[in-house]
Amino acid sequence: MSHTHADTIAVRVLAVERVTPQIKHFTLAPIAGGELPAFSGGSHIIVVMRGAHRVYRNPYSLMSSPNELDNYQISVLRVDPSRGGSAFMHEQVRVGSELEIAHPVNLFGLAKLARKHLLLAGGIGITPFMAQLHDLRLGDVPYELHYATRSPEHGAYCELMSRAEPQRCRLYHDSEQRLIDIEGLLSRQALGTHVYVCGPSGMITRVLDRAHALGWPDSHVHYEKFSAPPTGEAFDAWLEKSRVAVHVLPDQSLLEAIEAAGVDAPYLCRGGVCGFCRTEVIAVDGELVHNDHFLSAEEKASGKLIMPCVSRARCTKLVLNL
Amino acid sequence: MNVALKQGDIYRGAWGFRNTPDAVRRFPLPFPEDRYMYSVNIEPHIPGPKGSVIEFPIDCDEHYVEECHERAIVLEEDPLRYQALPHMMSAQWDTLELGMQSLSQSYPQHFTLTRLGRHWHWINRPLGLDQHFTFGDPASLPRQPLEYITRQLQGDWVIMDQRDNDLWCEGGMVTGPADWSMDFDLGMSFKEWHGPVPLGHEMGVFDRALRFLLNLRLNEPVRRYNWTMTVHPRLDTSPHNYDRWGPDRGGVTMQNVADILHLRTELQGLWRLPRSNGIVFMVRTYMLSLRDVASIPKWARRVHRVLRDLHPALADYKGLARHRPIAVAYLAQFDDGTPTTPGTAPE
């Protein structure tokens, strides 16, 4: 089975808009003309950026309407310090730039049997919900959106959301000491409600913990998090099946280093969530640094598995069955 | 593709089903080796050789019209062969789009699709259909979108919803099954649906297949082959009418085995659906009489060896127990022990 993304789509940047000091909004249209592939709300694309020294592949949620396929829209938060991808998007990409994208993947879809959808967004985490809202408005299942940002100035789409969803959207700003009452919200939902959270780690953890404590079934709690791969010390890896040696730089992920060495490794989310890149560890002369949200505590402790998209090792040599 | 309409009873009654020599040679033999056991034999559904059943994403062959007629006959008698749960409507439209796009691009002489935004115009020349409709508006079609398109496609079709890390069988058109039922399986999870299959669970085949399918990507469909055998060229071997076809299994003799026993290959295709994020599962059935199998020396030797050495649990599950010895005895006369060449193509 092949894991390559042979069929990337060439797109041109139609528009770039700075929506907050740290967020830029990009409109991407197919160079070949016509329509981009249809998708479902909650999908992300991988944008392939060919930098001077390195290729970056970053996931971004599609925020445009699934019913309008002339272009895709994404928002990019400039991460500071950036490992390169978000800085590339902010500094190098302008109107007319050409990029490659992979077909959309949805790891954060709306549950079709939900009786109600409770959407919790933090900061840039609003983007997948913006696409989903296009579908929710056409349906007859009730929903509400709670959208928290640091301040009105950092709320990229506060105005847009309160205009589009005057009845169903509530805004919260840290700067005004207005926080989402997670406990209260989760404790007063009717059975059959699904909750979705996308935002900073702390927010996701709070929602998952409270939902768990209040007895929500896991099947009704959904989250999405695109964490950039954490940096660390450089180390060396040996790919046993490919017979290839890989050097992983401090600000490079293991997956990126493997790809740079010309080895085709599996991946889907590149954020430590989906489990698709799970790889067997044959040997390590140090310790694994697990940064994913997929492997169980036992699997992490076993030292036999690693998710190269976000995890790394503190060692001189890591041997992978790849 | 030649879609000349044959007259009379094809898949029942007078058994008018025949494969032309071309159809025999393009038959997808499901055995890449001289022995058979389950495996996660999933591969990318990429275009295969010209003229083969995998040249195009959805194959349309010389049996197209007769197979669509057969479907209509089955539905007339048992409308529950088509069912879809209400939350599968977007997956229905996704499947309609897949079918129309694929047929019109692969066989422009037979099918034409014109899209102007949501206003679509579909022409199916072999079946004499000309339909204007609004994509996404069920009221603009004479039937539900999945029923509408699958009445114009060969093979059985199932749509699955993905949730809770599982796939749920929640709609489909199943008129030519190898002993399974949409009515029975509707609403089941992936493993419930595969519950009756022996050995596979112990081997972990379904765990691995499910994990793989949960990550199936848009634009990267996959396929696999499955097989069984059927007495008479009977497409509809459903559990609902077992009384009609079950007794046939006892009627195979050395005199009639060559003509009434058919090797039955399923070409199974799986596509991620874009708007619903569901998956559509195609089970396309090809049948070949043992006489036609024997007309290709390599296939005669290989099928002989596979049947002779088949695990008894698989033979039972596939319903071959009673006539397998007769099929093996018939094919033995064509097997002189010469090795077979790799691959499934006729030599």
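Two strands count as paired if DSSP finds at least two bridges between them. Helices (H or I, at least four residues) and strands (E, at least two) are themselves DSSP runs, numbered from the N terminus. Keep both in mind for this tour.

What you have open is a predicted model, where local features need pLDDT of at least 70 and side-chain atom pairs count only at pLDDT 80 or more, while totals for chains, interfaces and linings use all residues. Residues are numbered from 1 along each chain as its sequence is written, and chains are lettered from A and ligands numbered from 1 in the order in which they are written.

**Stop 1: chain A as a whole**

Select chain A and switch to a cartoon view.

How many of its residues are buried? Of the 322 residues in chain A, 44% count as buried. Here a residue is buried if 20 or more other C-beta atoms lie within 10 Å of its own, exposed if 12 or fewer, and partly exposed in between, with C-beta atoms placed from the backbone.

**Stop 2: the parallel sheet in chain A**

Now select residues 116-122 and 143-149 of chain A. These are strands S8 and S9, which pair in the parallel sense over 6 bridges. Zoom in on Gly122(A) and you'll see that its bridge partner in S9(A) is Ala148(A).

**Stop 3: the mixed sheet in chain A**

Move on to another open sheet of 5 strands in chain A, ordered S14-S13-S19-S15-S17, this time with mixed pairing. S14 (244-248) and S17 of chain A stand at the edges with a single partner strand each, so one side of each has no neighbour in the sheet.

Select S15 (279-284) of chain A and look at its partners. S15(A) is joined by 2 bridges to S17 (305-306) of chain A, running antiparallel, and here Thr279(A) stands opposite Ile306(A). S15(A) also pairs with S19 (317-320) of chain A, antiparallel over 3 bridges; there, look for Val284(A) opposite Leu318(A).

**Stop 4: over to chain B**

Select chain B, which has 14 helices and 10 strands. A compact globule of 347 residues would have a radius of gyration near 20 Å, and chain B agrees with its 20 Å. Its C-alpha atoms fill a box of roughly 60 × 45 × 40 Å along the principal axes. Buried residues make up 40% of the 347 in chain B.

Two loop residues deserve a click. Asp179(B) sits between strand S7 (166-173) and helix H5 (182-185) of chain B, and its phi is near 60°, a positive value in a residue other than glycine. His232(B), in the loop between strand S8 (222-231) and helix H9 (242-245) of chain B, has a positive phi too, near 70°.

Which of them is buried, and which partly exposed? Asp179(B) is partly exposed, with 16 other C-beta atoms within 10 Å. His232(B) is buried, with 20.

**Last stop: where the chains touch**

Show both chains. Their contact takes 20 residues from chain A and 15 residues from chain B, where contact means C-beta atoms, placed from the backbone, within 7 Å. On the chain B side, the elements giving two or more residues are strands S1 (43-44) and S6 (156-163) of chain B. Color that side by residue type and you get 4 nonpolar, 5 polar and 6 charged. For that coloring, Ala, Val, Leu, Ile, Met, Phe, Trp, Tyr, Cys and Pro are nonpolar, Asp, Glu, Lys and Arg are charged, and the others, Gly among them, are polar.

Notes
Contact = placed C-beta atoms within 7 Å. Rg over C-alpha atoms; globule rule 2.2 N^0.38 Å.
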